Amino acid sequence: MAASVTLNDVAKAAGVSIASASRAINGLDNVTEEVRERVLAAAGKLKYVPHGAARALAMSRTNTIGVILPDIYGEFFSEIIRGIDVGARASGLHILVSGSHGDVKEAVKAARAMAGRVDGLLVMAPYAEADDLSGKLPFNLPLVMMGGVGGQADLPSLVVDNYFGALEAVRHLHEQGCRRIAHIAGPESNLEAQDRLRGYLDGLKEAGLSPQVLPGDFTDAAGYAAVQTLLAQEQMPDGLFAANDMMALGATLGLREAGVSIPDDIAIIGFDDIPVTRYASPPISTLRAGVFDIGRRSLELLSALIERGSAEASASAASLIVRPELVVRASSRRR
């Protein structure tokens, strides 16, 4: 069991001194990267978790939470941060935010830089290789994952049921009479985008329709570019599901510029329900994931883990799954 594994066991497995193992696991700078990687790999393999009492003696509370996001630009991440901040204020905590730029190595660097300065970490890393995080993040910090997929890296997490949401989006468009439904996908390496694509494909299969997938990267520019591709076709789709609201907004602008009627010629639906969607022209239908609440609830989950006084709580915490709600607005309402 993980509780029986000691720091000495980790040091022996990594071939280093106990002092070096301690420095590596606590994210300190006075250890080489090669040694750090060996120690963290050994700790991960042995499922080592530092003793809560030892941690309490070694590190005092900072009343600060570290937040690592793929990006800090845009309304989606603004809402996530706002939810975290509201939850932190209610718990008497402060937040320290860093962007990883969609890179696991950058997320790990940020986490190590925060070690000793924060009481716990909230990490959003919806990348295909994000399981690597479980063996590289500081082991002495309670940790909650946001986004990705449930149970990712066997860490406590709060995630959205992206597959279900995408399936609901397709079913809604089909119910509105759409028979040629295209999809603007998210980044291929993004786990949430993968699940949304899978839900779209299964929804089309369920309806007996043929899929059409266009590449995207979750930006409004990608939505706008995808529409230019569609406009060049002989036959436009009559339904469009964008993997997030920003791409739906970009697509809406491109279609309006081309004189295409929404929703009469093409019905549009996005995903996330960022605030700006309700003020677009026309207001955009979406799947409400409760972005603000994801941030707030993730903070509350992490705060509870910290209060339990041990990183071992992270290892036993289950994932919380959020099922998105269909929000129908003028961009897709035909009936």
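In which helix do R38 and E34 both lie, and how many residues apart are they? Both lie in helix α3, 4 residues apart, about one turn of the helix. The pair is a handy way into this predicted model, in which local features need pLDDT of at least 70, side-chain atom pairs count only at pLDDT 80 or more, and totals for chains, interfaces and linings use all residues. Residues are numbered from 1 along each chain as its sequence is written, and side-chain values use heavy atoms, with hydrogens and water left out.

The protein chain has 12 helices and 12 strands; helices (H or I, at least four residues) and strands (E, at least two) are DSSP runs, numbered from the N terminus. Of its 335 residues, 53% count as buried. Here buried means under 20% relative accessible area, exposed over 50%, and partly exposed in between, with a 1.4 Å probe and protein chains only. Contact stands for heavy atoms within 4.5 Å. Among contacts between residues at least 6 apart in sequence, 73% join residues at least 24 apart.

The salt bridges come next. The structure holds 18 of them, each defined by a side-chain nitrogen of Lys or Arg within 4 Å of a carboxyl oxygen of Asp or Glu. In the opening pair, R38 forms a salt bridge with E34, and the closest N and O atoms are 2.5 Å apart. R38 is partly exposed, at a relative accessible area of 31%, and E34 is partly exposed too, at 46%. An α-helix has 3.6 residues a turn, so residues three or four places apart point the same way. R36 is buried, with a relative accessible area of 5%, whereas E33 is partly exposed, with 43%.

D85 is partly exposed at 27% relative accessible area, while R89 counts as exposed at 64%. Elsewhere, salt bridges that share partners join D273, R278, R288, E325 and R329 into one network.

Helix α5 (residues 75–90) also packs against helix α11 (residues 291–307), at an angle of about 40 degrees and with the axes 7 Å apart. The axes are lines fitted to C-alpha atoms, for helices over the stretch in contact, and angles run from 0 to 180 degrees between N-to-C directions. Angles under 35 degrees count as roughly parallel, over 145 as roughly antiparallel, 65 to 115 as roughly perpendicular and the rest as oblique; α5 and α11 are therefore oblique to each other. Their contact brings F76, E79, I80, R82, G83, I84, V86, G87 and A88 of α5 to V291, F292, I294, G295, R296 and L299 of α11. By class, this contact has 9 nonpolar, 3 polar and 3 charged residues, where Ala, Val, Leu, Ile, Met, Phe, Trp, Tyr, Cys and Pro count as nonpolar, Asp, Glu, Lys and Arg as charged, and the others, Gly among them, as polar.

In helix α6 (residues 104–114), the buried residues are V104, A107, V108, A110, A111, R112 and M114. They pack against α3 (33–46), β1, β2 (94–99) and β3 (120–124). Just after α6, G116 takes a positive phi of about 90 degrees.

The backbone holds further points of interest. Most residues other than glycine have a negative phi, and most peptide bonds are trans. N63, in the loop between α4 (52–58) and β1 (64–69), has a positive phi near 55 degrees; N63 is partly exposed, at 36% relative accessible area. F218 has a positive phi as well, near 75 degrees, and lies in the loop between β7 (212–214) and α9 (220–231). Turning to peptide bonds, the one from I262 to P263 is cis, with omega near 10 degrees, and P263 sits in the loop between α10 (245–257) and β9 (267–269). A cis peptide bond also joins S281 and P282, with omega about -5 degrees; P282 lies in the loop between β9 and β10 (286–288).
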